[in-house]
Amino acid sequence: MNKYVKWGVVGTIIAGTAIYLGISTFIPKVNKELEATPVQSKGKQSRDLNVKAVIITESSMSDDFFVSGSIIPDEEVNLTFETAGKITEILFEEGSYVSKGELLAKTNDAPLQAELRKLESQLKLYTDRMHRQNVLLEKEAVSQEAFQEAQTSLAILRAEIDGVKAKIAQTELRAPFDGVIGLRQMSVGSYASSTTTIAKLTKTNRLKLEFAIPERYAGIVVKGTPVKFLVDGDLEERTATIYAIDSDADIDTRSFTVRALYDNKNGKLHPGRYANITLTAQTFMNAISVPSQAIVSEMGVDKVFLYKGGKAVPAEIKKGLRNEANVQVLDGLAVGDTVIVSGTMQLRTGQKVILDNIK
C-alpha cells in the first residue's frame, strides 16, 4: 500500500469518528430541549373541554300538538217545500240574514184557501147547533144521544179546518233557525217537488271546528278542553272549546274525530275554511326538564352529564314529556343540578371541563 492510499484511509477514519461524536452529543441535547418545550402543557389543555351548561329549575311544561281541521257551520239545511207545487212567491234576498220562522217562499195554495173558507163558514152553524142541543138537553127536550151527535159534528168540523190549515202551512217555506241564506236555486213560476232545493240556510253566529286527534290522547283530551286556531290570511288567534268527541276511533287512521264550538257573533269567519289548530293535552306545573341535546342514549339507557367540581359526572335519567326544545325528566335530576348541554358526545366520566357560561 503506497503512502497516499494509507493517508486516505486514515483521513476517512478520523472524519467518521468526528461525525459520530458530534451526532452523539447533539441528539441528547435536542431531546432535552424538546422535553423543555410546552408540549406537555398543550396536551393537558386538550383534556379540558369547554362546555355550556344550565342550572335545573322547576317550570311549567305543556304537551302541545298541532293538527289541521275545518270550520263547519253550527247548523245547515237545504230548504225544501213539504209538498209539491208551483212557486208563487220568493220573499228572501240571497246572502241575507233571516230569522227563525220568517216566511221565505210560497207555493200555490188557492184551492186550500177556498176549502178553508168553506169549512170556516160552517163553523158558526155547527157551534150554534151544539149550544141549542145543550139547552134542550138541560130541559130534557132532547136525548143525550142527539146532543153528542151535535158535539161530535162540531169536533169533526174543527179537525177538518185544522187539517186544511196544516196543508196550507206545507205550502209555506219558513226559516227553521236564524242564519244566512245562500243563493236561490229556483224562480217564481217554477214547479218544486218535495226534493227540490230552493236555497241553503246556514247558522253562522256560532261555528264548529272539526279535527282529529291521535288515539294516544283518548281520555286526556276531554269535553271543555280549549283549543287555539288560526285561519289562512288572518293572524288573529282564536279560541274554541271542545264539546264532543266521537265514540270510537277511525280504524284506518287510529284517530278520534273531535268538534269544538267557536262564538262567531261578529260573523267574521265563514264555514268551509281551513284551520291550523294548537291543542294542549296536559300541563305539568312543576316539571324538571333539560334541553334535548343534553341527553345521551347508550344501550337503551338515557343519561346526562352533570358538572361537579370541574368534572363531567354521568347521571342516568328517566324521560317523560317531550316538546320542541326540552325533555321532561321524571327521575335522576334535582333542582339546582348543573347539566352540561354542549359537547356531550365528547364527554367521558371524570373528564375535566370548563364552563363557558351558565344559563
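Predicted model: local features only at pLDDT ≥ 70, side-chain atom pairs only at ≥ 80, totals over all residues.
**Overview.** I started with the chain as a whole and found 4 helices and 20 strands. Of its 359 residues, 31% are buried. I then looked at contacts with a separation of 6 or more, and 74% of them join residues 24 or more positions apart.

**Salt bridges.** I picked out a few to read more closely.

Lys 106 pairs with Glu 172, with 3.8 Å between the closest N and O atoms. Lys 106 sits in strand β5 and Glu 172 in strand β6, so this pair ties together parts that are 66 residues apart in sequence. I noted Lys 106 as buried, at 9% relative accessible area, and Glu 172 as partly exposed at 23%.

Lys 319 and Asp 302 also meet in a salt bridge, at 3.8 Å from N to O. Here strand β17 holds Lys 319 and strand β15 holds Asp 302, so the linked parts are 17 residues apart in sequence. Lys 319 is partly exposed at 32%, while Asp 302 is buried at 16%.

For Asp 128 and Lys 124 I read 3.0 Å between the closest N and O atoms. Both lie in helix α3, 4 residues apart, or about one helical turn. Lys 124 is exposed at 58%, and Asp 128 is partly exposed at 28%.

I also found a network of salt bridges linking Asp 74, Lys 203, Arg 206 and Lys 208.

**Surface charge.** Last, I checked a patch of negative charge formed by Asp 246, Asp 248, Asp 250 and Asp 252. Asp 248 belongs to the loop between β11 and β12, and I logged Asp 248 as partly exposed at 47%.

How values were computed. Residues numbered from 1 in each chain as written. Heavy atoms only, no water. Patch = residues over 30% accessible without salt bridge, like charges linked within 9 Å, V, L, I, M, F, W, Y side chains within 5 Å. Areas by Shrake-Rupley, 256 points an atom, 1.4 Å probe, with all protein chains shown as cover. Salt bridge = Lys/Arg side-chain N within 4 Å of Asp/Glu carboxyl O. Lys, Arg positive; Asp, Glu negative; His and termini not counted. Charge placed at Lys NZ, Arg CZ, Asp CG, Glu CD. Helix = DSSP H or I, 4+ residues; strand = E, 2+ residues; numbered from the N terminus. Buried < 20%, exposed > 50% of the residue type's maximum accessible area, 1.4 Å probe, protein only. Contact = heavy atoms within 4.5 Å.
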